[in-house]
Amino acid sequence: MKHSHSVDVLVVGLGPAGSCASARAAQAGLSVLSIDRRQTPGEPVQCAEFVPALFGQEIKTAPAVRQQPITQMITFVENQQPDTRTDFRGQMIDRGDFDRELLNDARNKGADCRFGLILRHIDADGTALLSSGEQVCSKVVIGADGPRSIVGRAIGQFNGHLVETRQMTVPLLKPYFGTDIFLNAELVGGYGWMFPKGDLANIGVGVTTAARGNLKPLVESIRQRLLVEGRIGEEIIRHTGGEIPVGGMLNAYSRLEDVHVLLAGDAAGLTNPVTGAGIPAAVISGELAGEAAVSAVSGRSDAGEDYLDELLGVFGASLERALNRRRDILCIHSEGHGPKTEDFRRTWIAYPEYWAA
């Protein structure tokens, strides 16, 4: 016989969104069980580790998490001279330490956070079956379980459009405070990057799922370019990669009988469809989901609708613009001739054309 466990809130996924949701709900006195399929908090890191300071969505991090500031963006379109935007601010972080910091905050506020546990299934009545054989009954389920969310699947919400990424970490030979962005016709539905991180650099590429077979040579091409320029060392310290949802925001709230179901972070499709930036959205939506869970448990029947309104207010306009720009560039790729310079300018955030009506 399966053991049954009842809590106010079940959180699935303990990345930034799940940990922030757990902390907010637990701080309000709710009983919170939070699970993650990974064995080790914060590992593996599947992230370029850059946090932009845009649109008032800044996030606070402990000094130990911050690796260095970013002060500008340099964009390379095909083989033309680079364009420099000097008002581009952000920070590089240690993503593993960042996740562990948020996890510790959730635990300190009373959330029961467990790793190595997989959500196998959610029944039509909202009961969750875990890989341990345990059944969990809750008043609220928060899905913060990434782009292929099992919680999202339970309420019919899927991230239908994904970008595949591949990244390597290498030695950085000289201090650098810019983000290098590479745009060309081979990088279908994505871009290449070099993000400095102290004496290291993350270099990588993201492309559509259909073009993922080209990831390895595309990353190697950027690595060779930076080697020739004398900016990085030969050693490859580690490889990583992952999927990023780029199809825009999903319907992040539903019910399974009396159980409120909320999606946050990548599970809700809140990653920017052009840049792939998702950390600020994960933190903000996680906090909002935690607050919505408190309202729902207290008896507020419109808590979920309020959550959706909050997401639209914070992310709606920027996600809609990015999604339209992404569709524009993919349409040009599909026509068989590569994008021209003006096409890249209209569909990348460094240029005023991107922000035009």
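Visitor: How many cavities of 30 Å³ or more does the count come to?

Guide: In this predicted model, the count comes to 2 cavities of 30 Å³ or more. The word cavity applies because a 1.4 Å probe fits at the points of such a space but cannot get out.

Visitor: What is the volume of the largest cavity, and which residues are closest to its centre?

Guide: The largest cavity holds about 150 Å³ of space. Its lining has 14 residues, and those closest to the centre are G189, G190, V274, I329 and T347. They belong to the lining because a lining residue has an atom within 4 Å of a point of the cavity.

Visitor: Which helix gives the most to the lining of the largest cavity, and how do the lining residues divide into nonpolar, polar and charged?

Guide: Helix α6, which covers residues 303-334, gives the most, with 4 residues. The lining as a whole divides into 8 nonpolar, 4 polar and 2 charged residues.

Visitor: What volume does the second largest cavity have, and what lines it?

Guide: The second largest cavity has a volume of about 30 Å³, and the residues around it are V45, C47, E49, Q167, T169, N202, R238 and T240. Strands β12 (162-171) and β16 (238-245) each supply at least two residues of this lining, which divides into 2 nonpolar, 4 polar and 2 charged residues.

Visitor: What makes β13 and β15 paired strands of β14?

Guide: Two strands pair if at least two bridges are found between them. Strand β13 (residues 178-183) is joined to β14 by 3 bridges, and strand β15 (residues 200-208) is joined to β14 by 7 bridges, so under that cut-off both count as paired with β14. Each of these pairs runs antiparallel. W193 of β14 is the bridge partner of I181, and W193 also stands opposite G204 in β15.

Visitor: What do β14 and β15 form, and how many residues lie between them?

Guide: The two strands form a hairpin with 2 residues between them, and G198 in the turn has a positive phi of about 70°.

Notes
Residues are numbered from 1 along each chain as its sequence is written. This is a predicted model: local features need pLDDT of at least 70, side-chain atom pairs count only at pLDDT 80 or more; totals for chains, interfaces and linings use all residues. Side-chain values use heavy atoms; hydrogens and water are left out. On a 1 Å grid over the protein atoms alone, a cavity is a set of points where a 1.4 Å probe fits but cannot get out, and a pocket is an open set with protein on both sides within 12 Å along at least five of seven lines; lining residues have an atom within 4 Å of a point. Grid points are joined across faces, edges and corners, and a volume is the space filled by probe spheres set on the points. Ala, Val, Leu, Ile, Met, Phe, Trp, Tyr, Cys and Pro count as nonpolar, Asp, Glu, Lys and Arg as charged, and the others, Gly among them, as polar.
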